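Have a look at the sequence and the 3D view, and then we can walk through some of the details together.

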Amino acid sequence: SRYLSISVGVEMNAEADEGKGEGESNKSTAPFDQKQLQLRDALINILSSKTILQLTSPEDKELIRNEILESFKTILDPYPVYQIYFVDFVLQ
């Protein structure tokens, strides 16, 4: 039995200028918060599908990071997501 604790950082642009006139902005302070349940679910689904070897290999961690990035881009659309950072990654 294994335990995985992970924290991720998300680099993104939380502003979108769709449908606003000049001088106005459609500034959302919390697109990440609004989609928190979907993001957590995606993260759990991705990580729980990996083997211990995949979770410990540096090369595979990079592939996992890219998989998370693509999933988050889809969920947070139209807000651009640039990078995913592993802030904490503990596997016991």
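How many aromatic pairs does the count come to? The model is a predicted one, and the count for it comes to 1 aromatic pair. That pair is made by phenylalanine 86 and phenylalanine 89, whose ring centres are 5.4 Å apart. Their planes meet at 65 degrees, and because planes over 60 degrees apart count as edge-to-face, the pair is edge-to-face.

Phenylalanine 86 has 19% relative accessibility and so counts as buried, whereas phenylalanine 89, at 23%, counts as partly exposed. The cut-off that separates them is 20%, since buried means under that value.

**The protein as a whole**

The protein has 4 helices and 4 strands. Read from the N terminus, the order of these elements is β-β-β-α-α-α-α-β. Among its 92 residues, 27% count as buried. The accessible surface comes to about 6300 Å², and carbon and sulfur atoms account for 46% of that. If we take the contacts between residues at least 6 apart in sequence, 65% of them join residues at least 24 apart.

**Helix 4 and its cover**

Helix 4 covers residues 58–76, which makes 19 residues. From its first C-alpha to its last it reaches 27 Å, close to the 27 Å expected at 1.5 Å a residue. Its buried residues are Ile64, Arg65, Ile68, Leu69, Ser71, Phe72, Ile75 and Leu76.

What does leucine 69 touch, leaving aside its neighbours within four places in sequence? Leucine 69 is placed in helix 4, and at 8% relative accessibility it counts as buried. With those neighbours left aside, leucine 69 is in contact with Val81, Tyr82, Gln83 and Ile84. For one of these, tyrosine 82, the C-alpha atom is 7.8 Å from that of leucine 69, and the two residues are 13 apart along the chain.

Here are the relative accessibilities mentioned above, side by side.

| Residue | Relative accessibility | Class |
|---|---|---|
| Phenylalanine 86 | 19% | buried |
| Phenylalanine 89 | 23% | partly exposed |
| Leucine 69 | 8% | buried |

Note on methods:
Residues numbered from 1 in each chain as written. Predicted model: local features only at pLDDT ≥ 70, side-chain atom pairs only at ≥ 80, totals over all residues. Heavy atoms only, no water. Phe/Tyr/Trp six-rings, centres within 6.5 Å; stacked < 30°, edge-to-face > 60°. Buried < 20%, exposed > 50% of the residue type's maximum accessible area, 1.4 Å probe, protein only. Helix = DSSP H or I, 4+ residues; strand = E, 2+ residues; numbered from the N terminus. Expected span 1.5 Å × (residues − 1). Contact = heavy atoms within 4.5 Å. Areas by Shrake-Rupley, 256 points an atom, 1.4 Å probe, with all protein chains shown as cover.
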